[in-house]
Amino acid sequence: RPCECQRQRKRCYCFRPHRNENWLFSRYSTGWRCGLHADWTELTSCVDQVLDKNEGESAKRRYFYISLIREPLARYMSEYRHVKRGATWKNSRHWCLGRQATQKELPPCYKGDDWLDVTIDDFAGCESNLATNRQTRMLADLALVGCYNKSAMPAHERDRVMLASAKRNLASMAYFGLTEYQKISQYIFEETFNLRFAIPFEQHNNTLSVSAIHNLRPDQRRKIEELNSLDIELYAFAKNLLFE
């Protein structure tokens, strides 16, 4: 049955007909039960346990994973602006193979509570900044590359395995869309799940992130493109797949 949402409340009730069992697992229905902005690695090892606990019994379930992919430079600049305003990912678990990433594996990029007013050069200069290739990392099975232990294999091999895993997982999802193609993404979603949105998706071409990209120096843009080469290849793959 449709989700029941109330004004000024972040949570919705998304239950199956005649049963108090969730059919939608998301921040808006179940909250951050698998961690803040949980990735593929975290979700696939966590969702079953959370739902079993919520519903008081173990059950076999069929999951339909969905995702939206965004143009990598715009996404990176959007996260930069978010962090510059004081946002953090400090509550993310970075859980993989039964444990959280250590501080040695993910050293902080800043001291203090946040990275307020960080410059783009400092943001891009932090080697452990998880904004880099975020989409590839969050869609990949990190167990294949030793989780966050970068000494488990050579860097080029880690990148190759992680990108291949992200492509496989994306291709096997029940649905994915592209932020830059809202109308097409809406159509595919509606046809895939036999649902119709009450309000059509809107395409905003001039986002603040696009403006931020135009303000980059050529050397800054090249640096960001080099850092996010995996996401750029993943996006090209996703775009080709979407328009097949």
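**Exercise 1.** In this predicted model, what is the pairing when the bonded cysteines of the protein are numbered in sequence order?

Solution. Start with the count, which comes to five disulfides. Then number the bonded cysteines along the sequence and read off the pairing: 1-4, 2-3, 5-6, 7-10, 8-9.

**Exercise 2.** Work out the handedness of the disulfide of Cys-34 and Cys-46, and say what the pair ties together.

Solution. First, check the bond: the sulfur atoms of Cys-34 and Cys-46 sit 2.0 Å apart. Next, the torsion about their S-S bond is about -95°, so this disulfide is left-handed. Now place the ends: Cys-34 is in the loop between β2 and α1, and Cys-46 is in the loop between α1 and α2 (47-55), so the pair ties together parts twelve residues apart in sequence. Finally, Cys-34 has 2% relative accessibility and counts as buried; Cys-46 is buried too, at 8%.

**Exercise 3.** Is Cys-109 buried or partly exposed?

Solution. Buried means under 20% relative accessible area. Cys-109 comes in at 24%, so it's partly exposed. Its disulfide partner, Cys-126, has 15% and is therefore buried.

**Exercise 4.** How do the axes of helix α3 (residues 72-84) and helix α10 (residues 229-242) cross?

Solution. The axes come within 9 Å and cross at roughly 130°. That makes α3 oblique to α10. For the contact itself, Pro-72, Leu-73 and Arg-75 in α3 meet Asp-231, Ile-232 and Tyr-235 in α10. Sorted by class, that contact has four nonpolar, no polar and two charged residues.

Methods. Residues are numbered from 1 along each chain as its sequence is written. This is a predicted model: local features need pLDDT of at least 70, side-chain atom pairs count only at pLDDT 80 or more; totals for chains, interfaces and linings use all residues. Side-chain values use heavy atoms; hydrogens and water are left out. Axes are lines fitted to C-alpha atoms, for helices over the stretch in contact, and angles run from 0 to 180 degrees between N-to-C directions. Helices (H or I, at least four residues) and strands (E, at least two) are DSSP runs, numbered from the N terminus. Angles under 35 degrees count as roughly parallel, over 145 as roughly antiparallel, 65 to 115 as roughly perpendicular and the rest as oblique. Contact means heavy atoms within 4.5 Å. Ala, Val, Leu, Ile, Met, Phe, Trp, Tyr, Cys and Pro count as nonpolar, Asp, Glu, Lys and Arg as charged, and the others, Gly among them, as polar. A disulfide is a pair of cysteine sulfur atoms within 2.5 Å. Buried means under 20% relative accessible area, exposed over 50%, partly exposed in between (1.4 Å probe, protein chains only).
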